[in-house]
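Please read it alongside the sequence and coordinates.

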Amino acid sequence: MKLYKILSTAALGLSLGLTFASCADDNGSNPVLHMPDSFTLNTPALAGNAYDLKNTTDSITFTWSQPDYGGMPLVTNYKLQYVVSKDGSEVVTDADGKLKFADNAEVKEYDEGKTKCEYKLAPADVDLLLLRELGVKRADAVPSSVNVYYRLSAQTTSTPKVYSNIVKVTYLPYYQRMEVAEPVTWYLLGSCFGDGSWGDALITATMPLYLTGDSYDEDTGYGTVSWTGYLPAGSTFKLRGSLTDNWLTQIGQGASFGSFTINDGGSANISPTKNGIYNLTIDTKAVANGDANGISITKIDDVPAYGRLYLNGSFNNWGDGIALSPVHTVLGANNHDWYAHVHLPAASEVKFQADGWAMEIGTKYEETPSCKSGYYGVGVKSGGGNISIKSEADYLVVVNDITGAFRFIKE
């Protein structure tokens with residue numbers, strides 16, 4: 001134990017006047033400042049068993065005794081530190097049989113310091129911390145139990161930092177969504193999409209499918225995506241699950257048009273036998289599980305084509321709209337997808353229109369669906385409410401004039 005002597009009575013009086021604490025009593029006159037080697041962190045009430053975090057309503061409370069500074073009740077700043085155990089190697093036992101953190105342990109601490117000898121943790125906050133530390137993003141990945149090792153650091157304005165003993169607490173975590181997953185999508189490219197180059201440039205060469213359900217699984221990103229448009233007979237195309245995985249995820253044609261194979265680099269290109277308007281739909285969860293029955297393509301009735309589509313809205317006081325460009329410009333294409341790069345202020349209200357508002361695309365939602373990358377939805381043709389864009393940003397806007405499906409993708 002280290003020993004520090006107070007230099008003068010005046011200095012002692014000043015120190016005591018500024019640094020009395022509520023955790024201990026004044027143990028007499030003329031104290032001598034001692035520097036303790038450690039101090040005691042008490043084990044929380046249920047630490048010998050386990051805290052069921054989902055069903056624990058009271059705070060998880062840590063208490064401790066103030067370090068013994070030789071009877072001097074110094075104001076002490078305490079920080080609660082922790083190590084979330086992943087494989088049990090984070091702690092070791094020293095020669096005295098006490099726990100200590102291993103050299104490779106990643107010791108973290110809560111930002112908030114305390115001057116009183118109590119620290120309370122909300123069970124839901126502990127659970128979120130565990131999920132974040134363990135990288136849990138799905139309900140089926142939550143471990144049955146997790147050990148967390150805690151200790152306290154203590155420091156005054158006139159003494160170096162000292163650490164408490166380590167205590168182990170076992171938790172039973174549960175799943176909480178920490179952030180909304182990005183929707184899983186697929187991309188169309190081939191001789192009849194974009195400029196027909198089979199390239200990976202978004203929109204000009206490859207077409208992302210639209211989210212066509214009213215919602216998707218915000219934990220996994222899985223849902224239903226689709227595209228509706230014109231396919232010439234004899235045209236060829238495939239679908240990619242990513243534009244950066246060198247075709248690792250792809251969908252090609254099976255034995256004939258209308259059947260599909262998944263992740264087979266040797267599969268044939270998809271090629272319709274008749275001209276027409278087709279609807280292509282993908283259940284992204286089924287496809288991720290290798291089920292080709294989650295893919296369908298159906299020929300539907302012909303629809304009118306438009307020479308130009310416009311985006312109008314509050315950003316220009318509903319004046320002359322922004323002319324959108326056709327996505328599919330390859331020779332022989334009959335375009336029904338449109339795009340533009342636009343900057344929209346916060347709280348923008350917009351619609352799409354053609355032929356002087358003879359055709360318009362609004363929304364059927366009270367609140368436009370959103371995800372981290374922007375906004376999506378299926379519009380209502382010839383009516384519907386305004387599409388609400390809350391966040392100011394540069395957007396890649398894409399819309400289909402057959403289904404009214406739209407995407408506002410932040411750039």
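This is a predicted model: local features need pLDDT of at least 70, side-chain atom pairs count only at pLDDT 80 or more; totals for chains, interfaces and linings use all residues.

Residues are numbered from 1 along each chain as its sequence is written, and side-chain values use heavy atoms, without hydrogens and water.

The protein chain has a mean pLDDT (the predictor's confidence in each residue, from 0 to 100) of 90, and 92% of its residues reach 70 or more. Residues 1–22 have pLDDT below 50, yet this stretch has 32 contacts (heavy atoms within 4.5 Å) beyond near neighbours in sequence.

Asparagine 400 belongs to strand 31, residues 393–400; strands are DSSP runs of E, at least two residues, numbered from the N terminus. A polar atom of its side chain lies 2.8 Å from the backbone oxygen of threonine 228. Leaving out residues up to four places away in sequence, asparagine 400 touches Tyr210, Trp227, Thr228, His336, Asp337, Ile361 and Ala405.

Tyrosine 210 has serine 226 in strand 16 as its bridge partner. Strands 15 and 16 pair in the antiparallel sense over 2 bridges; pairing requires at least two DSSP bridges. The open antiparallel sheet has 4 strands in the order 15-16-20-21. The edge strands each have a single partner strand, so one side of each is left without a neighbour in the sheet.

| Edge strand | Residues |
|---|---|
| Strand 15 | 210–211 |
| Strand 21 | 295–300 |

Technical notes: A polar contact is a pair of N or O atoms within 3.5 Å; within protein, one must be able to donate a hydrogen and the other to accept it, and residues adjacent in sequence count only if both atoms are side-chain atoms.
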